[in-house]
Amino acid sequence: MTAQIIPVAVFDLVVFGATGDLSFRKLMPALYWRESDQQMPEGSRIIGVARSHLTTPDYVAQVEESCRHHIGEGFDPAVFARLAARITYVPLDVAQSAHWADLAEVLAGGEDRPRLFYLATSPDLFGPICEGAGAAGIVTPQARVVLEKPIGRDLASAIKINDQVGRVFNESQVYRIDHYLGKESVQNLLALRFANSLFESVWDRAHIDHVQITVAETVGVEERAAYYDKSGALRDMVQNHLLQLLCLVAMEPPTSMAADSVRDEKLKVLRSLRAMSDGEAMQRTVRGQYRAGAGGGMAVPGYAEELGAPSRTETFVALKVEVENWRWAGTPFYLRTGKRLPTRVSEIVIQFHKVPHSIFPTGAGMIEPNRLIIRLQPDDGIQLELMSKDPGPGGIRLRNAPLDIRFADAFKVRYPDAYERLLMDVVRGNPTLFMRRDEVEAAWRWVEPIIEAWASSEEPPKPYLAGSWGPTAAIALIERDGRTWFEEAH
């Protein structure tokens, strides 16, 4: 079975921050795979832009080294040769108007095709880059700008960035990327909910006891410590990735898959989130910071050691979130994310209510609640846990039997990485899987009181050992409600 390849128009892609980690680790390998699948039309161009003074051959050599490293044994020199032929490098300092003229010269002649500006840079450069592009006359009617997270570090800075970008690009031209929304399992969540009457009919507080969303990383901050210390887990992960996943679980059925239909419903969820006062924030959230411990079978330093200074920045967050509407009132959503946890896993667990009464004898075993587990990474897939009879003669013995669909095994095809899919969506002009301005600002409005409550508290982040599942307070957060974190399959 082969994946369906949908053709796209000839396009120009301009990557700002082309020598940065995101470009080499994600964007260039994604373009390599689109080249491999022959989805890159003849004549499409890739223009790398950064401050480094490199020639195009120098830059192509760096891209090749990165692609070889991240693609591994599947790297095909012939495919890369085709990709390399599309690449041009332009040194550019945003503040130098002469440099913009050089970029305009390279882009000349492509005014009638989609022109993508991918801003793989620090958010404080989003405004200056857009203003520079506008002043240089290279923003065409078919131009689109892609903004990487984070969009600001609070509501005020998010509004400022959106205003700066909006002075040059219409909202319909702005694509705020959250790569989690490009993952196969996340899109399958939409299919699962809205293409199957089996689930949508029980997708509410009457049938679902609670929802858990976990994004766990085994790595520490390492060389990103200086950047991360200005951000923290709440800004880096919760404000975007986790809230977006919550929206897809909780939203009402959209009228269609049209971009604004889906995004309108996500916005309603964000506006329905119960706001947290200072006191509630301290009761309903847990922030932690890892100490020295073990990871990957070896000793690893604590966050403060990696940073080289004491810090109150959190590397772990757990929250109890409530959606105040008719569908979800009284059904809690438990969110957690952190660095230096025991397993790398991103998943959504929908736990249904227990059966109201057991007809089986005591010796048959405990009846566990049904769970729907949507695994985002690794091993994308969907698992439904059902109770069944243990095979064999004699009396009934009950056991939990999972129905498991791992997409790679079920469909025998290499699934495109999230960045591959999202880049092609930008070329097509399809913004469904991207965040609209009002979504971003609504998320910040909900998160900001938590940030302020933590800032006004004298209580530092709770310590946890690297290699553990976070502070004990995160366990208490859910267990005081008579529930527990789902970890049995990890």
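I began with Glu 322 and Arg 274, whose side chains meet in a salt bridge at 3.5 Å, N to O. The pair links distant parts of the chain: Glu 322 sits in strand S11 (residues 316-322), and Arg 274 in the loop between helix H11 (259-272) and helix H12 (278-284), 48 residues apart. I noted that this is a predicted model. Glu 322 counts as buried because its relative accessibility is 18%, under the 20% limit. Arg 274 is partly exposed at 24%.

I then searched the whole structure and found 38 salt bridges. One of them joins Asp 163 to Arg 437 at 2.7 Å, N to O. Asp 163 belongs to helix H6 (residues 155-166) and Arg 437 to helix H16 (residues 437-456), 274 residues apart. I also noted a salt-bridge network of Asp 260, Arg 263, Asp 264, Arg 436 and Asp 438.

Next I looked at helix H2 (residues 56-71), which has 16 residues and reaches 22 Å from first to last C-alpha. I listed its buried residues as Tyr 59, Val 60, Val 63, Ser 66, Cys 67 and Ile 71. They cover an arc of only 125° around the axis, so they are on the same side of H2. They pack against helix H1 (21-36), strand S2 (45-50), helix H3 (77-84) and strand S3 (87-91). On the face turned away from the buried side I found the exposed residues Pro 57, Glu 65 and His 69.

After H2 comes Gly 72, with a positive phi near 75°.

Note on methods
Residues numbered from 1 in each chain as written. Predicted model: local features only at pLDDT ≥ 70, side-chain atom pairs only at ≥ 80, totals over all residues. Heavy atoms only, no water. Helix = DSSP H or I, 4+ residues; strand = E, 2+ residues; numbered from the N terminus. Expected span 1.5 Å × (residues − 1). Buried < 20%, exposed > 50% of the residue type's maximum accessible area, 1.4 Å probe, protein only. Arc of directions from axis to C-beta. Contact = heavy atoms within 4.5 Å. Salt bridge = Lys/Arg side-chain N within 4 Å of Asp/Glu carboxyl O.
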